[in-house]
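Please look at the sequence and the model shown here. The paragraphs below lead through selected parts of them.

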Amino acid sequence: MDGNLLPTLIFLPVLLSAVLPSSAGVLEPYDLLYDNAVEAFYSADYESVVRYMEGALSSNRHVRATRVQCRLRCQDQHPFDESFSDLRFFDSVLRRAACMNKCIEAKVGTQSLHKVSEDVVQDFNRRIPYNYLQQAYQKLQRPDKAAEAAHTYFQANPEHVEMGRDLEQYKNLQGVEETHFVDREARPHQRSFTAAVQLYDKGEYEGAIALFEEALVKYYRADVDCRALCQGPQKFEGQDHLRYRYSLYEVVSDHFTQVLHCEHECVRDLATRPGRLSPMENYLPLHYDYLQFAYFKAGRLEEALQCALTYLLFHKGEEFMEENADYYREELGHDAEPPLAAFFQCCAVICAGGPLLYEGVQLVQNSAALNGTQRVLLDHVISEEECAELRQLAHTVTMAGDGYKGRMSPHTPNERFEGASVLKTLQHGFEGRVPMRSARLFYETSERARRIIESYFVLNSTLHFSYTHLVCRTAIKGQQDHRNDLSHPIHADNCLLDPDANECWKEPPAYTNRDYSALLYLNGDFEGGEFIFTEMDAKTVTASVKPKCGRMVGFSSGGENPHGVKAVTSGQRCAVALWFTLNPLYRELERLQADEVVQALDTQHVFGQGLNINPKDEL
């Protein structure tokens, strides 16, 4: 024990008392103002709606800014000592907590003790206050302010048909100008980036350079703010804190693990537009791609080289950028170094994916090694014994043409296709046709795969099942000579691949709401059957994966990842095929029923109740 830290223990009660705010409030909580505004709206008191709702929005912004400022200030004032002991660590934690509460209380008052409900937080995230505001301003005959509020709301809710019609009407009203259609909640770094792209497309490179550089400064500032906000209270999914029995160190570890996860998600959050579930692809590196060419067009090769090298930190070995960098070096006669800030941000984005969650799961290849984006190859997701049990299950429950309206050979006449869903497998287990343990293993394995994909790709919202299929492809004997077809033709999972146009059209009959895909292989004792990624031309193979037990390939479902399966020329290839969506409205209905079945089975096990599964449920 550090003897020189005994005073810390003596004065600990005094320090703890400093954690609790004491001064009078100076800012009314935004959820109370919001409630007052909603109540006034339904009383048709539109002046009060505007007053309270604008106050709520201002209060919310002020609280957020204050938390960022105070957390950063207190973090600097009370850093964790590099050689800290237990006492030094907790001394820093307590002093930092006291500092933050004192700082926040001084700026916003007793609101620092006020707990805002999750429903209100979500309303503000979805910009619901602006829906009330536009209606109130409309009633008050202020079309300019109504247009502003409507536009702000619509940016985050583009599917709102009625608001879209209102916006069209505002455009035709007297007194409403184009300048009134502004997004009051626009994120500064995204606003600068969008404006920069517009100038770039017009060939105004000097102006574009200034705005791209401004966008980068604002991006890195927003990244610092986002990480500061992660320092607050954390949610521990799936844990009942009334029954929480972990030790102090496990609690601390849980908290900081959640903080690190939150900070990692900042990269995705900063690249996501309002109202969108997925981020803009390649968002931060794209700044440097635009900049290197704009600097080249402006004759500023030194800066062009720096930006090209910075881009290569994110996408090492990218052929076109390597060629650009070589050209700039040759013209300048020397090399250069990318800015350090970009290097550290690059590490935050690509040096590692999210945690793999389960012991033994091994990262084999990341996106760069697979020559693409949003790709990963993992081994040891399940064991040899689990593979064998799932293969045995497949031999019993799968049906020819399942999922393809009974067509035994939906992709090629040279192979037989068989499949089974999770719900069907659980029904077989309940009826005693397969071991219930095996049916549960299929269910639990698919959940394991979902959690790994969600964690590795660091998604900022829950990944839901879109479809889950236990599948086997078997080579038909006597039909393998001189085969030149594929087991599964090249395609993308959420759009219609058009190799001639070099496009992937996100429209029906494609499953447009699928966001991520995964294939978990159960065996490798067959010939052929390699999984392949290609370019958009559906011909140029960029990566090839040889299936084996426990190996899983995961990837985003869009046109950036065309893929297919080479011909299975001998034996049988079995896998668990999984498709996921970020949109809860498009969750797999069979999966929801399967969840209910498993819950009922667990209840039956605990309470000895009977279980009724209706095999004729229509989905």
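The text turns to the disulfides and then to one serine.

This is a predicted model, in which local features need pLDDT of at least 70, side-chain atom pairs count only at pLDDT 80 or more, and totals for chains, interfaces and linings use all residues. Residues are numbered from 1 along each chain as its sequence is written, and side-chain values use heavy atoms, with hydrogens and water left out.

A disulfide is a covalent bond between the sulfur atoms of two cysteines. Here it is counted as a pair of cysteine sulfur atoms within 2.5 Å, and the count comes to seven disulfides. One of them joins C230 and C262, with sulfur atoms 2.0 Å apart. C230 lies in the loop between α11 (205–229) and α12 (248–270), and C262 lies in helix α12, so the pair ties together parts that are 32 residues apart in sequence. Helices (H or I, at least four residues) and strands (E, at least two) are DSSP runs, numbered from the N terminus. C230 counts as buried because its relative accessibility is 1%, whereas C262, at 24%, is partly exposed. Buried means under 20% relative accessible area, exposed over 50%, and partly exposed in between (1.4 Å probe, protein chains only).

Another disulfide joins C472 to C574, S to S 2.1 Å. This pair links distant parts of the chain, strand β5 (residues 464–475) and strand β16 (residues 572–581). Both C472 and C574 are buried.

S383 is placed in the loop between β2 (375–379) and α17 (384–397). S383 is partly exposed, because its relative accessibility is 28%.
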